[in-house]
Amino acid sequence: MLRQKTPIWDWPVRLSHWGFALLVPAMWWTAENGEMGWHMRLGLVLLALVLFRILWGLVGSETARFNSFLRSPWAGLQDLFGRYKRSPLAIGHSPSGGWSVAALLLVMLAQASMGLFAGDPYDGATGPLNSLVGVMTADWLTDWHETGFWVLVALIALHLLAVFGYQFLGKRNLIGPMITGAAKFDKPVAGNAGGSTFRALMCLALAGGVATAIGTGLVAHWLSG
Amino acid sequence: MSSNRLSRPVFAFAMIGALAACGETANDAAAPEAVEIASEDASIIEVRQGNFEEIGDAFKAIRGQLEAGAPDFGVIEASAGTINANAQRIQDHFPEGTGVDSGADTEALESIWEKPEEFATAAQKLVDTSAALAAAAGTGDMAAVGEGVKNMGGSCKACHDNFRLDKD
């Protein structure tokens, strides 16, 4: 029996995935311990990484692209209840996994964006765009920034539950491929052709540029006229 | 911005297997500290933080009114009154040994006890500026209210700059 090593996840997908896995707990820890300087610096890195993943979801490799893994909500529901027929040799996100990715990215984007406006200039740290909104709006966004974290925790819990469910109940290792980028199949499987490195670097530069422009105060400066 | 609303165990559960290293740092930082401080000191820290939270919320309400097209001077006067009442309690909330060096979860710098007169002056400044703001709001004079808010905000900031830990 041949055990073909098949590429599944490209490096931008893996980089952003493990970046999220490191940064989200770090964001929680820094907020919990009042390290707001680090919270904001890492928050900008997280924002850049989310933007990078979203851009890569538009122009990246097959399994990275939203149009390859975002199925109808109905397919997602069917998949969730084991009613979705999917080839055991199919690679990439399942329909419910795809929705999970979209939800995680959206909530992380919302969290990072709300954080940009959060805080009170008279009471500790403020996000780099805080001055663009009124005190009541900032207060409202700060509250939602704190609530939104628990939405993210719930989504991460679901994600981990699914991954470990596959690992121990479904006897399918999803963690290895997310590290190495490849999985072995008993039969030849059409693997994921890697995306363009040039495009990946462009996405990275664009996402990093946006976060830098926000973090250095350039965006607040432009928008306040 | 309050920082202690998130509980560790729930998060630790959600993160099981994902990032053991980060969870450990969080626990290590928390465990040895909190227990050392006497319980009455721990409760006075809670009382004073609650007192400052009310001041912060009242100040937000005031600034919210100023951002609105037509400010409600009644709200501003009442909020300034709340700040004034709370400001008078500040000095009683800082018994010796409840600063950052105690290991408690506080941002109260030791300079509060090293320069007690300066701290007393700074706290009194909030008492005075909030009283002045309440008086200005009572007259409904927009320019005087604006000036009063500026002065009161300045007293918040001046005290934070000298006596509150800033980890930014």
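What share of the contacts in chain B between residues at least 6 apart in sequence join residues at least 24 apart? I looked this up to begin with, keeping in mind that the model is predicted. The share is 64%.

**Chain B, overview.** I went through the secondary structure of chain B and found 7 helices and 0 strands. Read from the N terminus, the order is α-α-α-α-α-α-α. I then checked burial: of the 168 residues in chain B, 27% are buried.

**Helix H3 of chain B.** Next I picked out H3(B), which covers residues 39-67 and has 29 residues. I compared its span with expectation: from first C-alpha to last it reaches 42 Å, close to the 42 Å expected at 1.5 Å a residue. I listed its buried residues, and among them are Ile45(B), Phe52(B), Ile55(B), Phe59(B) and Ile62(B). Arg48(B), Arg63(B) and Gln65(B) are on the buried list too. What covers them? The cover of the buried residues includes H4 (73-87) and H7 (142-163) of chain B, together with H6 of chain A.

**The cores.** I turned to the largest nonpolar core and counted 43 residues in it. Those with the most contacts inside this core include Met27(A), Leu46(A), Val50(A) and Phe117(A). The elements giving two or more residues to the core are H1 (11-32), H2 (36-59), H5 (95-117), H6 (135-168) and H8 (197-215), from chain A. H2(A) gives the most, with 11 residues. Apart from this core I found another, of 27 residues, including Phe59(B), Ala80(B), Ala122(B) and Leu133(B). I also followed Met27(A): leaving out residues up to four places away in sequence, Met27(A) touches His39(A), Leu42(A), Gly43(A) and Leu46(A).

**H2 against H8 in chain A.** I looked at how these two helices meet. The axes of H2(A) and H8(A) come within 8 Å and cross at roughly 145 degrees, and the crossing is right-handed. On the H2(A) side I noted Leu44(A), Leu47(A), Phe52(A) and Trp56(A) among the contact residues; on the H8(A) side, Cys203(A), Leu204(A), Val210(A) and Ile214(A) are among them. I sorted the contact residues into 16 nonpolar, 2 polar and 1 charged.

**Asp120(A).** My last stop was the loop between H5 and H6 of chain A, where Asp120(A) sits. Why does Asp120(A) count as partly exposed? Asp120(A) is put in that class because it has 18 C-beta neighbours inside 10 Å, and buried would take 20 or more. I also took a distance: the C-alpha atoms of Asp120(A) and Leu169(A), 49 residues apart along the chain, are separated by 48 Å.

Terms used. Residues numbered from 1 in each chain as written. Chains lettered and ligands numbered in written order. Predicted model: local features only at pLDDT ≥ 70, side-chain atom pairs only at ≥ 80, totals over all residues. Core = buried A, V, L, I, M, F, W, Y, C linked by C-beta atoms within 7 Å. Buried ≥ 20, exposed ≤ 12 C-beta atoms within 10 Å, placed from the backbone. Helix = DSSP H or I, 4+ residues; strand = E, 2+ residues; numbered from the N terminus. Contact = placed C-beta atoms within 7 Å. Expected span 1.5 Å × (residues − 1). Axes fitted to C-alpha atoms, helices over the stretch in contact; angles between N-to-C directions. Left-handed = near helix turned anticlockwise from the far one by under 90°. Nonpolar A, V, L, I, M, F, W, Y, C, P; charged D, E, K, R; others polar.
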